Structure formats: C-alpha cells, structure tokens
Amino acid sequence: MDVEALVPEIARLLDDTLAPEERLISSATEGLVRLSGAPGFGPALIAVATGGESDGQRIAAATYLKNFTKRLMGSDNLPPEAHCKFRNQLVQAVLQSEPAVLKVLVEALHFVVVKDFVEKNIWPELVPELKIVVQKSNFISACDSEWKSINTLAILKSIVKPFQYFLNPRLPKEPVPPQLELITKEILVPLQAPFCYFIDKAVSFQGDSGQEIDQIILTICKCLYFTVRSYMPSAFIPILPSSCRGLFKILDSMDFSNKKSGDAHVLRLKAGKRSLIILCTLVTRHRKHSDKLMPYIINSAFKIARHSANINKMDSLSERIVSLALDVISNVLETGPGWRLVSPHFSTLLESAIFPALVLNEKDISEWEEDHEEYMRKNHPSDLEISAWTEDLFTARKSAVNLLGVMALSKGPPMVSTGNDSAASIKRKKGEKNKRKDKRSSVGELLIIPFLSKFPLPSTALGVQSSYDYYGVLMAYGGLQDFLKERNPAYTTSLIQKRILPLYSLSGCLPYLIATANWVIGELASCLPQEMNDDIYNSLAKALVMPDQEDCSYYPVRASSAGAIAQMLEVRNVILIIRTGLCLLFFLATRLHVADENEASLLFQLLSTIVGVGQQHVSIHIPMIVSIIVGTLLKHLVPTLEPWPQIVEHGFASLAVIAQTWEDYALDEANQDKLNEAQLGCATIATSFSNLLQKAWLTPLQAKHSGNLPPPSCIDDTSALLGFIFRSIQAMKDVGELRIADLLVVWASLIAEYDAWEELEDFKIFSSIKEAVLVHKKHEDQSFFMRTMPPHALPSTAPRSVIEGIGAFVSRAIAAYPSATRRACSSVHLLLHVPRFSLESESIKRALALSFAKAAFSFFVSIRDKSPSLWKPLLLAVSSCYLCYPDTVEEALQGTEENGYIAWAGALAHMSNSSFELGLASESELKLAVVALTKVVERLLRSGLDMGTAVLRDCFVSLMEASVRLKETQEEGGDDDDDDDDDQEEGDDYSSEDIDEDSEDDEHEETEEEFLDRYAKAAAAVESEVLEEGDAEDEAQELELGALGGLDVEREVFSLVERNQQVLVPAQRLLPPQLIAGVLNTFPEYGLYLRENSM
C-alpha cells in the first residue's frame, strides 16, 4: 500500500485505540502491528501526526510514531535511501507541528539524532540546515516566517541533549565531541545576542511579556545546560560571561510573592530553576572558567536563599528554586575562592537563609496530617549524606541541613597559642604534627552550636513559636553528624543530654518535636557514646508506644522511633543487642497482636533488623517469634484480596529474613552440639510456614465457586518460606503433614505466570526450584512433579503438572536479564537430569527439553554478537536438551534459524576451546561439553561430512582438547587449597611507617584533572559491574547432571575415535601438533592411532 492509501486506514485504527471498548482497542492494535511492515507506514504516521482530524488522533499518531521510530532505529532494516527520506520527513514534521504534538514528535526525533548524528555521525547536513531555519524563524528574525522559533529550538535541544553525558566516560580527559563544537559555533554562539535580547525584553516588561518569549528563554537555557553539563566547547568560552549575565537577570526577575500566576510566570520560574542548575554545573565542573563569576553567582544565590523565610507560602517549584540556591552556595563553599567570599557572611547566611528553612511551619503540619509518608520522606530522610556536591535534595529544608553540615566542617580563623602550653604538648607524634600545627576551630564550634544554643527548650510559657523554632534546632543537629564525629564524645553526650533527651519527658511536647528528636538520634547513632545506650533506648522505646491523640496522629513519632532504634542496633556493638535487643524483640512480637496495620508494618521491619543484626544472640528465640508473627499474619491475611495488605507483605519479608538467620544459626559449626534443639526448632518453624502458606494459597482454591489462583503477592518471599519447608523435611511423614504436594502445585502455577524480572528479586524462586527437585529426588515415590491441579479448580487454564509450571518459569527467565539467564540455564540441567521420569511422563520431559532448547537458542541468536559472557550458559543448556532428545532438538534448532544445528555446534566448539576467555571452567561443565561434542561429531560423521569440513574439524579439535582439560581437572581434585595459608600471609607486611607521616590536615581542593580521573575510574567500575553481572555467582559452577554425571566420558570419546578411525585418524594432520602431544600425554591409549599415523 502507498502512503496515501495508508493514511485513512491508520487514522481509523488510531481512533479505535481511543475507544472505550476493549475489543476495538485490541483489534486496532493488531491492525497497526500488521500495517507497520508496509514500506510507507512511517511517512503515513507522520502525515496523520501533523494533519490528523483531531488533537487526540494527532497525539495518538505521534505517540505510535515515537515507538515505531525507536524500533526502527534499533533494527537497521531500512535501506539507506528510505532511512534518509524518513528522517527528513520527521524533521519537517517537527518544524511544522502544533504545540499539542511537538513534544512527542521531538522525542521520536531524538532516537534518530542519537543514532545518526551522535553515534554514527552520518548526518552532516543537520547542523547547517538547522542553523538556517533557526535564524529565519519568526522570533529570531523578528519577522513573519514559515518557521516557528519554538519548534526550531526544540530540535536544537534534541540534538544537543545527548551531549549532556560523556560519550566515553571511561576516558579521564575526553575531548569535546566535534558535533558539539559544531553546534556551539554555528548555532549557540549566534543565538547569544537574541537570547540576551529576549531576556531584557522579558524582565523589563511590567506585565506579561508573552508565553512564547519565556518558552524560548527556557528552551535556550536547557540547551546551554546540556552543552556545559559535561563538556566545555571552546567556542562557548568567549560567550560564557554574557550568558551568565543573562542568567543572573532571569534570577533577579523572579517573583516569589505569589502575586503572579499563569503560564508565563511558571515558565519564568522554570528558567530560573534551570539557571541555578547551570551555575551549579559551572562551579562543580568548570572552575577555571567560572572563578571570575563567583561573586555574581554568590550574590544571586544569596538573594534567592533569603526567601526561605516564606517557604510555607511557596509552591513546590518555588521551593525547589530556593533549594537550588542553597545548593549553589554549598558548591561554592567547597572552592577556595568561594569560601573566601562566603565565610564573611556565615552569620547572616545562618540567620536569614538556613535557619528559617528549618523552622516548623503550617505546611509541615498539614503534610503531617494528610500524608505521613510524604512528611517523613521530606523531613526525616534516612539517606542524608552531608556533602558539598550532593544533588537532587529537592526541598529547601534538606538543602539547608546539607549546607549547615558543610559550613560546620569549615575552619574558622587561626587561634593564637597561649604561653601556658606545656612542653609535652610540643612533643608530637609525626602523625599528629600537621593536625596540631594549625589550631583552628571549626565554624560549627565557633558559630553554629552557639547560635542554636540561644533557643531554649520549648515550654507553654514561651508560646508555640518556641516549639516551632526548636524544631529548626533539632533539624540542624541532624545535619551535624560529621561535625560531631570530630568532637570529643563528652561534647556529644552533653548535647544529647541537655538538648534532646529532655523532650521525651517534657509535658505537652509537640509530636513534631519528638519525631524529629528520634530522627536526630538515628542520624547521630554512629557518634553517640556507649554510656548513653540505656537512656537513649528508654527514650526511643517510650516514643515507640506513644498513642494517637484525638486531634493528631502519632504515627510519624512511632515510625521515626522504629527507624532510630534500627539505626542504633546497626551501628552499636553487641552489648546493646544483648542488653536491649532481646527485650525489644519480645516486646515487638507481643505487641503485634494489638497493633493496627500501619504500626504492625513498622514492627515487622524493626523485627527483621533486630534478628538480622543480633543473629546468634537472638536465634534461639526465633521459633517462638515466628509463631507469633504467623499468628498475626493469619489474622490480617485475606487470600482473595489482590494485592495483599501492606502489613502482610512486610510480614512475609520479615519471615524470609528471620528464616535465613535461623538457618545460618542451625548450620553454624559452633552450634552442632545443639543439633536436636535446632532440628526441633526447624520443624516448628516449618509447620508455622506451612500453615501460613496453606491459608494464603490453598484456602482460595477450596472456597466454594472459586476458580482462580491466589494472587502472586510476595512471590519471592513466599518462595523463600517454601524453600525453608523443603529443607526441613526429614522423613516421609513430614511430606504429608506439611502438605508439600498441594503447596507445590499452587506455587508452580504462580511462578509459571511470573513476569516481574525488573521488579522483584527472583533468586529465591530459583533456590526453591532446586530444593523442590531435591525433595522429589529424595521422595520420588510421591511423584511431586507429575501431579496436576484438578481441572475444576482452575478452569481458566489448561491442566499443568508441577514440573511444567516450573519449566514455564525457567523458559521465560532465560531471556530476562543476565543473572536470571544463568540461573535459568542451571535449572535446565537440574530439571532434565535429576528427576526420574516414568514412561507415562516421558512426553512431559520431551516437551520441557524442546521448550528449553528453543528459548535458549533463540536468545543466543539474539545476543551472540554482543554478549559473549552468556554463550556458555545458553549453549550448555541447549546441550543438555540435545543429549536428552537429539532429533527433536535438532529439528527445533533448524526451525529457529537456517542451519541452526550447524550454528549451535560451531558455537559450542568455539566456546569449548581453551582460547575462549569465558569458557568452560568446572568439571561438570567440561563433562557436559565433552559428551555433547561427542554426540555432535558422531551426528556430523553420519551425515557424510569429512574432516575437511570446518564445523566437524572444529568440533573434533574442541572435543579432544576439552577431554584433556577434563582429565587434568579431575586429577587436580582439591589440590588448589594447599597454598591458602601462604597466600593469606602475603600483603600483610604493611606498617604504620608506610603511611605518609607528613599528611596534611589542610583540606585538598580537587583539581579538574583529578575530578575527571576519579569519575572515569568510577564509570569504568560501573560498566564492569554491568558487564559482569552474575558472573561471580556462576563462575566455575558445578552443574547438576544426575545420571549423566556418572557417565564414563573417556570411554565414550575413545569409542568414537575407535569406531571412526578411518575418517578421524587420517585427518590428524589437520589437528594442531600441541593438541596431539597433549592427547598422547594424557591418554596413552590413543597412541595406537595417532603415533602410527605420525610415523
């Protein structure tokens, strides 16, 4: 179909996708997929997106075009001429589009820009042509034009946006990409004059200067940000001062009074926000170009930061701008010139900008009442890290706390030494020489702590404002963690005893203060003295049970108390766990019976922390704790409700953590004398877990008229509990009592539909699959894997056996992500070789092998050119399937790809060769490869091939080489462990003298070169982690091969050579000489053939 014929059909189908009927939507979607293969589909979509009958149709077309373009750019299926024509049409569409679809079309264009302009650099005409249309656009040229400035600048933003990140971040000094230099020189530099003109026009106009002008300013600001975020084009350096002057004008023109509204006002605020982000970037990334601008940057940031006093009246965008202004000051403060400029104003900054942002206000109280979680996320962050380079703090209060922490660590003026210094103080250790040479107190000690001390503890007599102010004091203390770590412990003790703990016994103290005091204790946990453990714990325990008042919820008080206790336990020593952990453990467990849903969720999380940290000190009490938790969950669990309540999800997560802790305790060699006690506890826990899973999974199926599976909620944690039950089975009677078969059936049906690879951790599911196979092997008469769900119980799905459900999960996991691929391939060997299949169930095994082979080989075909680390698991998985049913699997491989069998055999030979870096390592991997290659060589010989054929020769060479390596691996055995003790001694010869004795206390200011080098190393490390994901857990992995593992591999290979000596032996001249020598050295019996031919 040509484009003109496609347009009305596509328009009709797009309209149907907007219909309310599910049937029409489904039919239209299928129709669009069917048409997407037509040559004119892309241009037709563009035509509808720009000339559709309604906004809805145009937006639908643009959205489908975006997804279509993404697929098209990733496939390389379009001929070069058609490719160029399509991208030109797309650019024209963006230039002519209306505002309703402009953003979506630009997103579509982005995929073309990244591929053609950034990655391949095969679009040389893009910048020159864009330069022309930008200069001729209506606002830039100040005359009527067919080109809209907003559209042309949207394209400019699209082509510069990919350069906001380093293209090769592993290079310490990556040069500016030539494309970015070209854009800057040809477009951004000429655009500087109009940019400044538009700013002057916008800020001088008393009323509304026009939405389009502010939109243009914002777009240019974004372009500037993308240009300098990582790189600094040489052409941009001369215009940097004038650009910044424009940014300062934007910042000075912003109105925070809430008197203005409308789109133009919002756009101005967004431009101001972007301006501050640019200034942050200049300070942190381009110091040598921004030092001269530092006074102006500080001045603009100070002006905005002073608006923090009105933060309670601001919307989120205005508050974000104030937050960014405080972040700019933090960034500046970390530089030498910046510190000298800011430090004289520390007192003013603290009083007029920082502290007002910390004080409690009406907006905080409203958020407390309306959304507890949002309030705690904004005001009691659990991941606060004080740093001058912290990004994305988002709220003015977080930024103020961060700035206060940075200021506190700054050094004040040098202190004059007194004449009373003792002679002993002059005799210093070398390591302390420079630390004591510069006697300077920190700003925290000289300014911040004295300022905060001016605010007394709140009281009724002082009025409610005293409580609001003291809230700010507490928030400030929360940002002083690093400062207090450098102080004497007595300093922190005094502060906690006098300024924080009294709040817990203060009559009428507002809950906002108690919750903040809890948070402060949690933040300062690492620098609190040991002698305060009891007082702190008693205060937090008191807050943990504070009830709600009639007009106020105390949930944030209890939640922050639980968080603080958890942090205390994680950073304190074992003494705190022994003295308080056990009491708290039983208190929490018993309180679960009376707690409401929100509180119970908190208690579950705290229980997990106590058990995880306490480990052997609390393990003996776990069976009873588990029984209490299960009793609580049985009360709250509504099996038919999807998803399960949050309290139930938290409960299952806690049980999974507790179960792992118990198993670690039971397996500990130090506890082997308590074996009977451990077995009894294990049985108790398994019974509790079984009862809980029966309620969750079996009750819905047993309900009258029920025909649906229970919801797959908490499938990872429920799998962990099921795995624990499997491992607890000691005798046949346990199988029936724990209802193993029934639970397996439902679990297998649930994981068969699992599709949350990016949301949940599936490791627990794979672990339980292995445990299920071992249970089946141990009690094979029970036929666990062959049992099916009764047809009337699941009318919506076809009857499926347990092993088929597990197999469906494994097949889907093969193509999920690298770690899942490796685990799934390991499960393939486990499921095919370990269970015993009867004659009646042979068809199930055949179907499994076929499904696994198709999934593994299809995925291998898609990744073989880009992910060599996945070759081994995928090819070995196909090998296991092939050894079970050679003809069936060969046919499947041929159906997946032309000459698929030869492709797999060649890849297997290549991967099995010692030259393959990520090849065979363990004995079981070598054995499987040798057996598979033996069958492949035999199959190729039967087809009439000779050793002159590359694939046969490669397979035979790899077969013989792998056989030698297998023999060597078997003979080595456990010899690798002999030298462990010697290895441990190496590297322990460092002495304190190796450390630089003359290390300076003066803070080192990082240079740009050091910054780039550090980030290049970090980028390389991150990339390495991504590429090697899952490698560590699967390296040299021993596979479960069942009866195949007991096969006499040497005899099989020798038999192959003996039976085919007429073909194989004469062709030994084609084999590498070193391979022949290795074979003869390892297997002397081959000398009967190889030596005779070599003479």
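Begin with the second largest pocket, whose lining takes at least three residues from each of domain 1 (1-123) and domain 2 (129-289); these bounds come from an automatic or database domain assignment. The model is predicted: local features need pLDDT of at least 70 and side-chain atom pairs 80 or more, while totals for chains, interfaces and linings use all residues. Residues are numbered from 1 along each chain as its sequence is written, and side-chain values use heavy atoms, without hydrogens and water.

A pocket is an open set of points on a 1 Å grid over the protein atoms alone, where a 1.4 Å probe fits, with protein on both sides within 12 Å along at least five of seven lines; lining residues have an atom within 4 Å of a point. The volume here is about 960 Å³, meaning the space filled by probe spheres set on the points, which are joined across faces, edges and corners.

Select Leu102, Lys103, Ala154, Lys157 and Gln215, the closest to the pocket centre of the 29 lining residues. Next, colour H11 (211-228), which gives the most to the lining, seven residues. Helices are DSSP runs of H or I, at least four residues, numbered from the N terminus.

Finally, select H7 (residues 126-136) and H10 (residues 178-204), whose axes come within 10 Å and cross at roughly 5 degrees. The axes are lines fitted to C-alpha atoms over the stretch in contact, with angles from 0 to 180 degrees between N-to-C directions. The two helices are therefore roughly parallel (under 35 degrees).

Terms used: Angles under 35 degrees count as roughly parallel, over 145 as roughly antiparallel, 65 to 115 as roughly perpendicular and the rest as oblique.
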